[in-house]
Amino acid sequence: MTNSPLPFDPSASAPHKPVLLREVLEHLNPAEGEIIVDGTFGAGGYSRAILDHAPCTLYGIDRDPSAVATGTKLAADYDGRFHMVEGCFGDMATLLPAHGVAQVDGIVLDIGVSSMQIDQADRGFSFRTDGPLDMRMSMSGPSAADFVNTAEEEDIANVIYRFGEERASRKVAHKIVEMRAETPFTSTGQLASAVRSVVRKAKDGIDPATRTFQGLRIHVNDELGELDRALNAAETILKPGGRLVVVTFHSLEDRLVKTFFKERCGDPRKQSRRLPGEPEAAKPTFSTLSRKVVTAQKDELRANPRARSAKLRAAERNDLPSTAAKKTGGAA
């Protein structure tokens with residue numbers, strides 16, 4: 001075991017290559033005896049690397065039953081150092097205490113749909129292969145089909161515009177409502193064809209259905225709400241000196257993380273330039289671990305094109321009470 005960052009291995013044959021793994025380990029910096037949380041366990045790539053990197057204890061969290069099954073099997077390989085927790089990572093502040101863990105030394109989050117989920121046609125995430133129009137990470141609750149078949153046209157348009165950033169959202173929504181009146185949507189192929197009939201192919205070759213599928217997926221799984229809850233939960237359960245590392249793949253998620261870190265890390269200039277009578281700025285609860293956003297290096301980009309859009313932000317918790325505790329008057 002080692003406590004130095006691992007080199008990137010472009011020849012690794014694992015079915016799922018964790019993006020920015022080298023940089024995640026560098027900023028998370030797990031050490032012997034620490035408690036680390038992989039809030040988005042997925043295929044377990046980060047978890048395995050962290051456990052191999054240092055003799056720490058790790059809790060993996062995931063709401064996907066397939067991921068939970070994978071994690072349950074993984075536990076046997078690490079002699080009591082790995083624990084699989086089923087649930088939403090946004091609920092970690094309640095999930096972990098239920099397992100006897102009040103505070104932790106590090107948290108890593110890899111935001112978005114996993115390649116494992118996309119590759120399984122029956123999960124309904126991909127427009128490239130036909131499958132049931134599902135998109136539920138937890139495999140429970142209303143599906144994407146439920147939404148597009150019952151929601152008002154304006155609501156569909158708003159979801160596709162807000163979460164998919166699709167400029168032609170109104171055309172797409174109108175087409176969906178028009179087509180469902182004849183035949184309800186049940187498959188990803190149906191929906192992709194509907195979108196392609198009203199959205200022109202982009203010059204960069206991106207499939208016209210990309211943004212609509214993204215918007216529906218984020219809505220069905222409340223991904224932005226989940227991320228917001230997770231960031232606030234991390235502030236609550238991280239020990240002083242604990243590290244929070246977040247990897248995102250889309251501007252919506254990155255914007256949310258960037259704003260959170262900016263608010264929690266504070267701006268020293270605002271403290272010194274406060275005008276008389278202005279309320280005192282909130283004292284920072286984190287300090288940033290990297291001055292600039294971290295992106296993939298050339299060797300990883302050559303080996304894994306998925307890393308092109310990945311951005312890593314990281315910060316370290318200090319000993320001040322969490323923002324939530326300040327608001328309620330409670331202890332951190």
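The following conversation goes through a predicted model of one protein chain.

Trainee: Is this model experimental or predicted, and how many helices and strands does the protein chain have?

Mentor: The model is predicted. The secondary structure of the protein chain comprises 15 helices and 7 strands.

Trainee: What share of the residues is buried?

Mentor: Of the 332 residues in the protein chain, 48% are buried. The chain exposes about 16500 Å², and 50% of that area is supplied by carbon and sulfur atoms.

Trainee: And which share of the contacts comes from residues 24 or more positions apart?

Mentor: Among contacts in the protein chain with a separation of 6 or more, such residues account for 68%.

Trainee: Turning to the aromatics, how many aromatic pairs are there?

Mentor: The structure holds 4 aromatic pairs. One of them joins F260 and F261, with 5.9 Å centre to centre and 55° between the planes, a tilted arrangement.

Trainee: Are F260 and F261 buried or exposed?

Mentor: F260 has a relative accessible area of 5%, so F260 is buried. F261 has a relative accessible area of 7% and is therefore buried.

Trainee: Which charged end sits over the ring of F286?

Mentor: That is the charged end of R317, 5.8 Å from the centre of the F286 ring.

Trainee: Where does F249 lie?

Mentor: F249 is in the loop between β5 (238-248) and α12. Its relative accessible area is 19%, and because the limit for buried is under 20%, F249 counts as buried.

Trainee: What does F249 touch?

Mentor: Leaving out residues up to four places away in sequence, F249 touches V19, D110, I111, R306, S309 and A310. F249 and I111 are 138 residues apart in sequence, yet their C-alpha atoms are 7.1 Å apart in space.

Trainee: Let us change topic to helix α3. Which of its residues are buried?

Mentor: In α3 (residues 65-74), the residues A67, V68, G71 and L74 are buried. They cover an arc of only 115° around the axis, so they lie on the same side of α3.

Trainee: What does the face turned away from the buried side carry?

Mentor: That face of α3 carries the exposed residues T72 and K73.

Trainee: What do the buried residues of α3 pack against?

Mentor: They pack against α2 (45-53), β2 (57-62) and β3 (82-86).

Trainee: What is found at the start of α3?

Mentor: There, a side-chain oxygen of D64 comes to within 2.8 Å of the backbone nitrogen of S66.

Trainee: Which residues does S143 touch?

Mentor: Not counting residues up to four places away in sequence, S143 touches L133, D134, R136 and V220.

Note on methods
Residues numbered from 1 in each chain as written. Predicted model: local features only at pLDDT ≥ 70, side-chain atom pairs only at ≥ 80, totals over all residues. Heavy atoms only, no water. Phe/Tyr/Trp six-rings, centres within 6.5 Å; stacked < 30°, edge-to-face > 60°. Buried < 20%, exposed > 50% of the residue type's maximum accessible area, 1.4 Å probe, protein only. Lys NZ or Arg CZ within 6 Å of the ring centre and 35° of its normal. Helix = DSSP H or I, 4+ residues; strand = E, 2+ residues; numbered from the N terminus. Arc of directions from axis to C-beta. Contact = heavy atoms within 4.5 Å. Polar contact = N/O pair within 3.5 Å; in protein donor to acceptor, adjacent residues only side chain to side chain. Areas by Shrake-Rupley, 256 points an atom, 1.4 Å probe, with all protein chains shown as cover.
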